[in-house]
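Biologist: Before I rely on any labels in this model, I would like to go through them one by one and hear what stands behind each.

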Amino acid sequence: VKKKGGLMPLKNRFAELHAEITAWRRDFHENPELLYDVHRTAGLVAERLREFGCDEVVEGIGRTGVVGVIHGRSRASGKVIGLRADMDALPIEEMTGAAHASKVPGKMHACGHDGHTAMLLGAAKYLAETRHFDGSVVVIFQPAEEGGAGGKAMVDDGMMDRFGIHEVYGMHNMPGLPAGQFAIRPGALLASADEFVITLTGKGGHAAMPHTTIDTTLAASHVVVALQSIVSRNVDPLGNVVVTVGSFHTDSVASNVIAHKVVLQGTVRTLDPALRDLAEERLKAVVGNTAAAYGAEAVVGYQRGYPVTMNTPENTDFAADVAQEVAGSVNREVKPLMPAEDFAFMLEARPGAYIFIGNGDTPMCHHPEYDFNDEAIPAGCSWFATLAERRLPLA
């Protein structure tokens with residue numbers, strides 16, 4: 001397998017399997033499924049894992065997750081590593097115009113999970129064929145990454161203990177990074193994501209007589225502005241917190257009515273667990289006191305979502321070394337990003353690392369014209385497989 005400027009150290013087997021794995025990926029792309037409703041995808045994954053000769057294939061972990069176990073030629077080390085891919089799509093109408101575009105109206109693989117699943121399947125096929133390692137590899141196919149916390153569901157279902165997993169690794173494509181190249185960093189890589197719903201109640205009335213009302217729209221508007229003080233005045237300027245009010249709804253649709261109730265919805269994101277606590281505390285205080293200043297009452301619903309995706313330093317160094325071996329170079333200090341990722345739940349349960357693989361010059365994830373770049377498949381498969389062989393070396 002060649003690239004401009006020389007040889008790319010990819011496993012020859014993945015060059016041979018490239019067309020087959022691409023066909024799997026495009027089939028998944030044509031048949032997207034949402035959240036936990038990934039029955040077709042999970043069924044095909046389980047079927048292929050059995051065809052590959054995995055020593056154990058278990059369905060229904062975390063509702064619709066699939067786990068395959070591959071034992072090495074030796075198991076003397078007693079070590080077990082987990083390799084994870086996500087399977088679900090997004091509720092987006094596809095606009096790629098590709099021959100393999102979604103056949104399901106209103107659903108598409110706009111984040112590349114079809115590619116992640118296909119690459120891990122390719123690695124599983126290779127590892128089951130060669131078994132050139134000492135220990136066991138657990139391949140994890142997870143549902144409901146896109147807001148359903150499928151990673152947490154699999155962990156809560158006892159996956160780590162049931163399969164004796166000691167450490168866990170995952171991968172996500174990155175548009176803008178050259179296809180097949182890698183980027184990673186130790187520590188915080190992706191942000192936590194919490195959601196809030198603020199309900200403000202005042203006293204509705206006639207727009208011509210505001211003095212007889214408690215103007216909830218005015219109070220809510222000041223709340224929106226005041227929430228920005230959390231970042232500008234409560235957080236260290238070197239910290240990373242984003243507070244966003246994404247929805248503002250009054251119970252009035254008339255121009256001459258002052259609303260009685262307003263509902264605000266938004267998110268809080270941060271790369272620091274301590275700042276996550278601070279942001280929640282300050283949000284509740286700012287909302288309550290600002291509403292009271294305008295005579296309104298406020299109720300805050302605050303739901304913690306995905307935690308910070310925190311790469312373990314030692315595992316990150318190892319994952320980067322493997323990426324260097326596969327691609328010839330790796331960015332070991334990529335800037336952290338503020339989107340969230342529920343692989344974070346697996347990293348809370350076990351040490352490990354999450355890495356980005358380049359998707360080339362494509363639209364960003366979650367865009368209706370996004371498509372996974374099949375040219376990245378050999379590198380992604382090679383990273384998974386090489387990581388297993390290097391982490392579990394035969395004596």
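Biologist: What makes you join β12 to β14, and in which sense do the two strands run?

Modeller: Bear in mind that this is a predicted model. Nine bridges join β12 to β14, which covers residues 261-270, and the two strands run antiparallel. Strands count as paired from at least two bridges, so the link qualifies. Within it, V241 stands opposite T270 of β14.

Biologist: What order do the strands of that sheet take, and which of them are its edges?

Modeller: Four strands make up an open sheet in the order β12-β14-β10-β15, with antiparallel pairing. The edge strands are β12 (241-250) and β15 (297-306), because each pairs on one side only. Neighbouring strands here are turned by 15° against each other on average, direction ignored.

Biologist: Which helices touch this sheet, and how are they directed?

Modeller: Helix α6, residues 216-227, lies across β10 (192-201), β12 and β14, and runs at about 170° to β12. Helix α8, residues 273-293, packs on the sheet as well, touching β10, β12, β14 and β15, and its direction makes about 165° with that of β15.

Biologist: Turning to the helix pairs, why are α3 and α11 called oblique to each other?

Modeller: The axes of α3 (residues 113-130) and α11 (residues 377-391) come within 8 Å and cross at roughly 45°. Roughly parallel would need an angle under 35 degrees and roughly perpendicular would need 65 to 115, so this pair is oblique. The crossing is right-handed.

Biologist: Why is the aromatic pair of F14 and Y126 called tilted?

Modeller: The ring centres of F14 and Y126 lie 5.2 Å apart, with 45° between the planes. The limit for a pair is 6.5 Å, and stacked would need planes under 30 degrees apart and edge-to-face over 60, so the pair counts as tilted. F14 lies in α1 (residues 12-30) and Y126 in α3, so the pair ties together parts that are 112 residues apart in sequence. The structure holds seven aromatic pairs.

Biologist: What is the strand order of the eight-stranded sheet, and what does α11 touch there?

Modeller: This open sheet has the order β3-β4-β6-β5-β7-β18-β8-β17, with mixed pairing. Its edge strands are β3 (56-61) and β17 (330-331), each pairing on one side only. Within it, β4 (residues 65-71) and β6 (residues 136-142) pair in the antiparallel sense over six bridges, and V66 stands opposite F141 in β6. Helix α11 packs on this sheet, touching β5 (80-86), β6, β7 (167-174), β8 (182-183) and β18 (352-358), and its direction makes about 165° with that of β7.

How values were computed
Residues are numbered from 1 along each chain as its sequence is written. This is a predicted model: local features need pLDDT of at least 70, side-chain atom pairs count only at pLDDT 80 or more; totals for chains, interfaces and linings use all residues. Side-chain values use heavy atoms; hydrogens and water are left out. Axes are lines fitted to C-alpha atoms, for helices over the stretch in contact, and angles run from 0 to 180 degrees between N-to-C directions. Contact means heavy atoms within 4.5 Å. Angles under 35 degrees count as roughly parallel, over 145 as roughly antiparallel, 65 to 115 as roughly perpendicular and the rest as oblique. A crossing is left-handed if the near helix is turned anticlockwise from the far one by less than a right angle, and right-handed if clockwise. Rings of Phe, Tyr and Trp (its six-membered ring) pair if their centres lie within 6.5 Å; planes under 30 degrees apart count as stacked, over 60 as edge-to-face and the rest as tilted.
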